[in-house]
Amino acid sequence: MLEMLEVFSPFVVIIRFKNRDVNLAKMRLSSLLLFSGIVVCALSALVNSEVEGIPEDKLLVVTVATKETDGYRRFLRTAKHFNYTVKVLGRGQKWKGGDYMSAPGGGQKVRLLKEGLKEMKDDHQIILFIDSYDVVFASGPKELLKKFQQTKHRVVFSSETLIWPDRHLEDKYPHVREGNRFLGSGGFIGYLPNIKELVANWTGDDGDSDQLFFTKIYTDQSKRKSINITLDNKCRLFQNLHGALDDVVLKFEDHQVRVRNVLYDTLPVIIHGNGPTKLQINYLGNYIPNTWTFESGCTVCHEDLRSLSALQENEYPLVVIGIFIQQPTPFVTVFFERLLKLQYPKNKLKLFIFNKEAHHQRQVQSFLKDYGSLYDNVTVIEPEEEMDGAASRNLGLDLCRRDQDCDYFFSLDIEVVLKNKDTLKILIEQNLPIVAPMITRAGRLWSNFWGALSGDGYYARSEDYVDIVQGRRVGVWNVPYVSNVYLVKAGLLQRELKDYELFSSSDPDMAFCHNIRNKGIFMYVTNMHTFGRILSTENYQTGHLHNDLWQIFENPVDWEERYIHENYTRIMKDKLIENPCPDVYWFPVFSNVACNHMIEEMEHYGKWSGGGNVDNRIHGGYENVPTIDIHMTQINFEKEWQKFLVEYVVPITEKMFPGYYTKAHFELAFVVRYKPDEQPSLRPHHDASTFTVNIALNQVGLDYQGGGCRFLRYDCSIQAPRKGWALLHPGRLTHYHEGLPTTAGVRYIAVSFVDP
């Protein structure tokens, strides 16, 4: 006889024999082994059928979207990337489901889902019901269905660390050993019959809470068991960001980007920016699933573009350019010069110029007098109208909003330096609701966009901010804040942004961006091209005739472009330094504008010396070889002048006189004026310097006749000084020299005695 004592598994049977009837035992053993084989085969087939997986064509993604938003289009783009089949409910209907940011709501979604499920009959259908405005897919249906199947439940909800909206229900939630304990209604997946059972008893209003409805079902043990519901506790399928921002990081894979939950070491398939995490999902959406990768860069930046190349100029979109002058700003004349060079048909541009500063009226009026007629229309708000900055910006947008011909509004602050002549075309072709060209402040990490916001809505640095600003990551980026220069679609102003007061006086730019974000409208910044920079307006003085001359410290790049000779950077490469006399070097350093501004500044100051030996401006009060001049110290330009010498003269000096190093100290730097009836020339002399710099500020033959410099020891003269070119020569011992007579007109030179 035998007895089956224990069954340890379906596949293992433990038996024992008794000696009483061996044959009977053998017979029974054969039968038992046959039965065991049948059981093993049956169980094996069952397991294999489970492992086989759910066919991808059984999955249907269902979402509610009453209107097409930027977030909805992003959702569809990621769904298309992974070949999800999406059914959209509620299109064209009015949203009555409330505002999740301020109060519970979402009942309309449950109603629409319940109605939409009625027409579905396939009991093997898998329904994924998720939000769309703030959701992106990070992986495809195969991975999603596999993870769903592994839960061994018929319905799986996303999970959260926070309970919402009724904290009193916390005790009714089942405890979990590890993972999130609370249900999130923004995403769930399940078999069609179970989903139908889940929503069957919905009778609430559209404004009621879907979260509370599903929570009460889940916390009811009998209903939870009947429908067979579980939570995705460790975020294998769904990642809700609210309450979990510190748990997620980007994981860059081969040509793909995932979100990794570092707390549970999982890779969620669906990422949901629920609650107040819209900015974070926007940030993640800049990368997921392959928007930007290290291998390919930006993969979507050339999609859905609006090409202008095939259009005739009269077919170009009409743009209203809003120019805002709100504080004294350097290089305003240069701003208007660049505006004029913008590559866009002038008859397709309307100008709205807000000028709060009387200091800049001359530049504005000069530009409009010479070029205003080229534009389709010009509107000017002048200082005497006393309009504030926010009101001017609201007015500018409204001019475009009410103009049926307006296609875009291009907001442009006066401190923006647009170096790229094609900026406007590039922005239009991006075909985005609001897009800004990235501009930075020279030598700093400051830019016209923020990558993130702090808890109180101010600046915070995103992880990728430095890489974007420094050009290590190039693309078109969804950001929470732009300023100074950006393009807005007119259709946006006429539909979603109908409110007139988009800007407010407290902080116009922050108010504008806050209002844009609240409407669910995306703002972008592009660094696909180099566009320009923004000026510093700090410490800008307005007490001089040409105040830009004093900007060598605050805006050195713009100062150089304005005032340094265009060929200066080619001096060494193209051997532009000439050697007209022994140890005398001649090279271009000042632009025509610099020369003109120096002369005009000195004449505007007007306090020329009398040319006598007694001179209280210098140490000791006596000048051995006097000239009629004005010292740089008299116009408070000595620090700027030394900076100029250090940056642009010292490198030439050290190259031409090897082994000599200088910090360009000087006691005397001045502009000399030579006139036939005043002081035409200067007698032979040595300079009180180790070396002297002598820059011609105007042009012989055009502004004056005669002039020049003669070095007596070498009997060598430079009789036709070039405007903007500098003579560099030793001051003492070897280079005894004189100023040759000016016979007509007025000659100006800028002289520096360096290292006295």
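## E538 and its contacts

E538 touches R441 and E554, not counting residues up to four places away in sequence; contact means heavy atoms within 4.5 Å. The place of E538 is in the loop between strand 29 (532-534) and helix 16. Helices (H or I, at least four residues) and strands (E, at least two) are DSSP runs, numbered from the N terminus. E538 is partly exposed, at a relative accessible area of 44%. Buried means under 20% relative accessible area, exposed over 50%, and partly exposed in between (1.4 Å probe, protein chains only). The C-alpha atoms of E538 and D755 are separated by 32 Å, and the two residues are 217 residues apart along the chain.

This is a predicted model: local features need pLDDT of at least 70, side-chain atom pairs count only at pLDDT 80 or more, and totals for chains, interfaces and linings use all residues. Residues are numbered from 1 along each chain as its sequence is written, and side-chain values use heavy atoms, with hydrogens and water left out.

## T66, a buried loop residue

T66 is found in the loop between strand 3 (59-64) and helix 2 (70-81). T66 counts as buried, at 10% relative accessibility. Leaving aside neighbours within four places in sequence, T66 is in contact with G90, R91, G92, Q93, W95, Q108 and Y133.

An open sheet of six strands has the order 4-3-5-8-7-9, with mixed pairing. Its edge strands are strand 4 (86-89) and strand 9 (229-231), each pairing on one side only. Two strands pair if DSSP finds at least two bridges between them. Neighbouring strands of this sheet are turned by 25° against each other on average, direction ignored.

Strand 5 (residues 126-130) and strand 8 (residues 182-191) pair in the antiparallel sense over five bridges. Here F129 stands opposite F188 in strand 8. Helix 6 (residues 210-218) lies across strand 7 (155-160), strand 8 and strand 9, and runs at about 70° to strand 8. Axes are lines fitted to C-alpha atoms, for helices over the stretch in contact, and angles run from 0 to 180 degrees between N-to-C directions.

## Strand 19, covered on both faces

Strand 19 is largely enclosed by the rest of the structure, because six of its six residues are buried. Y408, F410 and L412 lie on one side, and F409, S411 and D413 on the other. In a regular strand the side chains alternate between the two faces of the sheet.

Strand 16 and strand 19 run parallel, joined by six bridges. V320 has F409 in strand 19 as its bridge partner. Strand 19 and strand 27 (residues 485-489) run antiparallel, with five bridges between them. F410 stands opposite L487 in strand 27.

Helix 9 (residues 332-341) has V332, V334, F335, F336 and L339 buried. These buried residues pack against strand 16 (319-325), strand 17 (349-355), helix 10 (361-371), strand 19 (408-413), strand 20 (416-418) and helix 16 (556-563).

The model has 10 cavities of 30 Å³ or more. On a 1 Å grid over the protein atoms alone, a cavity is a set of points where a 1.4 Å probe fits but cannot get out; lining residues have an atom within 4 Å of a point. The largest cavity holds about 70 Å³ of space. Its lining is F335, R338, L339, L342, L412, V416, V417 and L418. By class, the lining has seven nonpolar, no polar and one charged residues.

How values were computed
On a 1 Å grid over the protein atoms alone, a cavity is a set of points where a 1.4 Å probe fits but cannot get out, and a pocket is an open set with protein on both sides within 12 Å along at least five of seven lines; lining residues have an atom within 4 Å of a point. Grid points are joined across faces, edges and corners, and a volume is the space filled by probe spheres set on the points. Ala, Val, Leu, Ile, Met, Phe, Trp, Tyr, Cys and Pro count as nonpolar, Asp, Glu, Lys and Arg as charged, and the others, Gly among them, as polar.
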